[in-house]
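Dear colleague,

Please find below the structure that I am handing over to you. My notes on it come directly after.

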Protein chains: 2
Amino acid sequence: MSNTPLTLGAILYPGFEMLDMFGPLEMFSMIPPEQLTIHMVAEQAGPVPAAMGMAIGGPKTVADYGFDDAPELDILLLPGGFGTLPELENPRMLGFLSQRSKAAQITCSVCSGSALLAKAGVLDGYRATSNKQLFVLATSQSDKVTWVEEARWVDDGPVVTASGVSAGTDMALAIIQRLWGEEVARQTAEFAEYTWHEDADSDPFVSELNKAAGMLG
Amino acid sequence: MSNTPLTLGAILYPGFEMLDMFGPLEMFSMIPPEQLTIHMVAEQAGPVPAAMGMAIGGPKTVADYGFDDAPELDILLLPGGFGTLPELENPRMLGFLSQRSKAAQITCSVCSGSALLAKAGVLDGYRATSNKQLFVLATSQSDKVTWVEEARWVDDGPVVTASGVSAGTDMALAIIQRLWGEEVARQTAEFAEYTWHEDADSDPFVSELNKAAGMLG
């Protein structure tokens, strides 16, 4: 369990999926500020639009730091979303993820965020998952990752990756459990009147979507 | 079902609860823009900080419109959060809610947002609920409301109120179901890999919290 104060960097980019970011942040925001400080970070400080369906142009969240002046970050939280696609070609994003994950205690992602982590090499040698509707987007970024199709989230120590959107909230509670204990995680879920899916391996969304789509080929 | 394009006004104020806002917005953002336009509205346009636990100072979301220049709004979405308390004394907020709810097709709230609606008189004559940890905050605002303690959300036609935080996401799916049909609601939940709590009356969080706290007195 963590006795020293930690910092969490929530990484924004245009077209991030709202709930990928704010589901986990809702849970992390319940940790007292003397134990966890949350920083909003993007390539450049300023407003960053979320995804709006399959477009970029949703509500804007303000990044307080750019990649150049972000403070030390013990936890990196990377959402997925439609905006993942252009970011896969953004060397500044990939460089930031590669560099900062080395110094972080935990790097975690939600949904297609793991495609970015994979492309940045952060997941090499680790087990990881991604969202179910675009699983191949993640798996095609790296063959050095052991991809796990059926998982709500995969905790492999320094890297923790969640399946689609809502799974990020369950993952965040698991990280809270690891860092601050089970009772804190339970109280956090209860405060948010959230029914925590506690079993990382139980994935109600794997079968129909992927098997129907045949996306795993 | 709705065949005409609708507008949704997501109402921000300092100290709004993140997931109250972005859980529902994640779901509404899946409705194609030709059917639903989402506007971010606050007392004044500009960045509005979310709650961070029991304080104001979380991530900032940008309001594109102030109360004075907000466009016509068919759906009002009002989150709860720690910032509810000062807003109960804000005549501009209460006036905006009172005035705009008369023109709206649906006014909906999450968590302690229903305390604001009650104080503004929007819930008079209707059935409504609120979050379970501060139920009395809502009920003490108006005795002209039929308060329902055990409910995930309460749909009473033009006003729909949800219980705490996560319940807002279930309520949003119910509103989507009413306006655009059950299949759209199901696809939306599935896209977000979200296990929809479909039964408005089933409330897993009512008993322990309230009965233990004795808050309903």
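The notes below take up the pairing of the chains first, then the sheet of each chain.

This is a predicted model, in which local features need pLDDT of at least 70 and side-chain atom pairs count only at pLDDT 80 or more, whereas totals for chains, interfaces and linings use all residues. Residues are numbered from 1 along each chain as its sequence is written, chains are lettered from A and ligands numbered from 1 in the order in which they are written, and side-chain values use heavy atoms, with hydrogens and water left out.

Contact here means heavy atoms within 4.5 Å. On that basis, 39 residues of chain A are in contact with 39 residues of chain B. Because 100% of the interface residues of chain A are also interface residues in chain B, the copies meet through the same surface. About 3500 Å² is buried between chain A and chain B, and carbon and sulfur atoms give 60% of this area. Buried area is the accessible area (1.4 Å probe) that two parts lose on being put together, summed over both.

Two salt bridges are counted between chain A and chain B, a salt bridge being a side-chain nitrogen of Lys or Arg within 4 Å of a carboxyl oxygen of Asp or Glu. K60(A) and D64(B) meet through their side chains in a salt bridge, at 2.9 Å from N to O.

On the side of chain A that touches chain B, at least two residues each come from α1 (18–28), β2 (36–42), β3 (46–52), β4 (55–63), α7 (182–191) and α8 (206–213) of chain A. The most come from α1(A), which gives seven residues. Helices (H or I, at least four residues) and strands (E, at least two) are DSSP runs, numbered from the N terminus.

**Chain A**

Chain A has an open sheet of seven strands in the order β5-β2-β1-β6-β7-β11-β10, with mixed pairing; two strands pair if DSSP finds at least two bridges between them. Its edge strands, each pairing on one side only, are β5 (65–66) and β10 (153–156) of chain A. Strand β1 (residues 6–11) of chain A runs parallel to β2(A), and six bridges join them. A10(A) has M40(A) in β2(A) as its bridge partner. Helix α1(A) packs on this sheet, touching β1, β2 and β6 (75–78) of chain A, and its direction makes about 165° with that of β1(A). Axes are lines fitted to C-alpha atoms, for helices over the stretch in contact, and angles run from 0 to 180 degrees between N-to-C directions.

Strands β3(A) and β4(A) pair in the antiparallel sense over six bridges, and P49(A) stands opposite K60(A) in β4(A). Their hairpin has two residues between the strands, and G53(A) there takes a positive phi near 60°.

Over all chains the count comes to 16 salt bridges. One of them joins E43(A) to R92(A), with the closest N and O atoms 3.6 Å apart. E43(A) lies in the loop between β2 and β3 of chain A and R92(A) in helix α3 (residues 91–103) of chain A, so the pair ties together parts that are 49 residues apart in sequence.

**Chain B**

In chain B, β10(B) and β11(B) run antiparallel, joined by four bridges, and W153(B) stands opposite A162(B) in β11(B). The hairpin of β10(B) and β11(B) has two residues between the strands, and G157(B) takes a positive phi near 80°.

With kind regards
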